[in-house]
Amino acid sequence: MRYPTKQLLILIAIAFLVLSSATGKAQAVKGAFLYTLSNFTGPLPYNWAKVSVDGKRSETYVLYQNNIRVFNENGMEIYRFGDDLELGHIVDVAINEEGDILLLSYEISGTELKYSITRCNFRGEPKSKIEMKNLPEEFSKFSPGRMVYHNGDLYLASLMGMKVVVTDSEGNFKDGYDDIEALAQIDEKEKGNVEMVGFSVDKEGNILFTIPSLFKAYKLSLDRKVTSFGRPGGAPGRFGIIAGIVSDEEGNYLVVDKLKCTVMVFDKNQNFLTEFGNRGFKPGNLIAPDDIAIDQNGRIYVTQSRRRGVSVFKIIYN
């Protein structure tokens, strides 16, 4: 079919606008490397540490080999504790509004391995235990591996068990999800073979998690609805082996990909925007990144392997 010159020009103009819009969208967001968490001897050589942020006080907490290190807003270490094992084997850390440090840890009690949550002061000195109260029967064998503090509530996740418990700050049961596999509509043949890796809570209280074996990231909303996104592949926006996930103040999702060594950014409608990091040993590169956290100033903390420590980035919106 042949178009008149005027119609052809209109079609070309429309195509140009569409391509310009897509290109502009891809370039509108980018990740900029800031620094690596350090002390006065230089960058600290962590391998796959856990990281948590205290937005109110602009401090960062890193858990590695049962040692908690605290960093100021400039990424310099200001305090450390926990290496004496008196607090048990620590698996996660969170900070409440009062500045108390909450530690999820395990200890051997008789022949059993039991978890506990310890409330510590800013020096890491124990103040009290937070006992879980009124847990329903279906959570009697609940064994959490991750903990998030959000707006006065504790979110505890059993990664292999695919269960989440929500309590108030004193451990009183508020809600529970023992049917995440069903809510996420995971195929029957996959049940029992999947586990969560990334786990966080967004500013609205929605639960975010990833299942690497299914190449998907998920959002579990307050009304118990689950949405997911992700497809396997090596192209930008496709998933390799994904790990940590968080949401920023704009509602964008940041997903870590260990295999591709990148952090991918998706908008609130789960459309791919950009990725940053990339495999390498130069500043700003990543090696097998894993955990991720984000503070209220938009700084992004990414843990990685090969003694690369915790790299800090910032999302820039043009």
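Which strand supplies the largest share of the lining of the largest pocket? Strand S12 does, with five residues. The model is predicted, so to be described a local feature needs pLDDT of at least 70 and side-chain atom pairs count only at pLDDT 80 or more, while totals for chains, interfaces and linings use all residues. Residues are numbered from 1 along each chain as its sequence is written, and side-chain values use heavy atoms, without hydrogens and water.

The largest pocket has a volume of about 900 Å³. A pocket here is an open set of points on a 1 Å grid over the protein atoms alone, with protein on both sides within 12 Å along at least five of seven lines, and lining residues have an atom within 4 Å of a point. Grid points are joined across faces, edges and corners, and a volume is the space filled by probe spheres set on the points. Of the 37 lining residues, Val53, Tyr149, His150, Val201 and Ile294 are the closest to the centre of this pocket. Two or more residues each come from S4, S8, S12 (146-150), S16 (199-201), S20 (242-247) and S24 (292-294); strands are DSSP runs (E, at least two residues) numbered from the N terminus. By class, the lining comprises 15 nonpolar, ten polar and twelve charged residues. In this division Ala, Val, Leu, Ile, Met, Phe, Trp, Tyr, Cys and Pro are nonpolar, Asp, Glu, Lys and Arg are charged, and the others, Gly among them, are polar.

Most residues other than glycine have a negative phi. Asn151 counts as exposed because its relative accessibility is 60%, the class being defined by a value over 50% (1.4 Å probe, protein chains only).

The second largest pocket has a volume of about 320 Å³. Among its 13 lining residues, Lys114, Tyr115, Leu135, Ser140 and Phe142 lie nearest the centre. Its lining holds eight nonpolar, two polar and three charged residues, and S10 gives the most, with six residues.

Strand S10 also belongs to an open sheet of four strands in the order S8-S9-S10-S11, with antiparallel pairing; two strands pair if DSSP finds at least two bridges between them. Strands S8 (89-95) and S11 (126-130) stand at the edges with a single partner strand each, so one side of each has no neighbour in the sheet. On average, neighbouring strands of this sheet are turned by 35° against each other, direction ignored, with axes fitted to C-alpha atoms. Strand S10 (112-120) is joined to S11 by four bridges, and Ile117 stands opposite Ile130 in S11.

The model also holds one cavity of 30 Å³ or more, a cavity being a set of points where a 1.4 Å probe fits but cannot get out. Strands S4 (50-54), S5 (59-64) and S25 (299-303) each supply at least two residues of its lining, which divides into two nonpolar, three polar and five charged residues. Among the lining residues are Val53, Ser58, Glu73 and Arg299. Ser58 is found in the loop between S4 and S5 and has a positive phi, near 55°. With 22% relative accessibility, Ser58 counts as partly exposed, a class that lies between buried (under 20%) and exposed.

Conventions
Axes fitted to C-alpha atoms, helices over the stretch in contact; angles between N-to-C directions.
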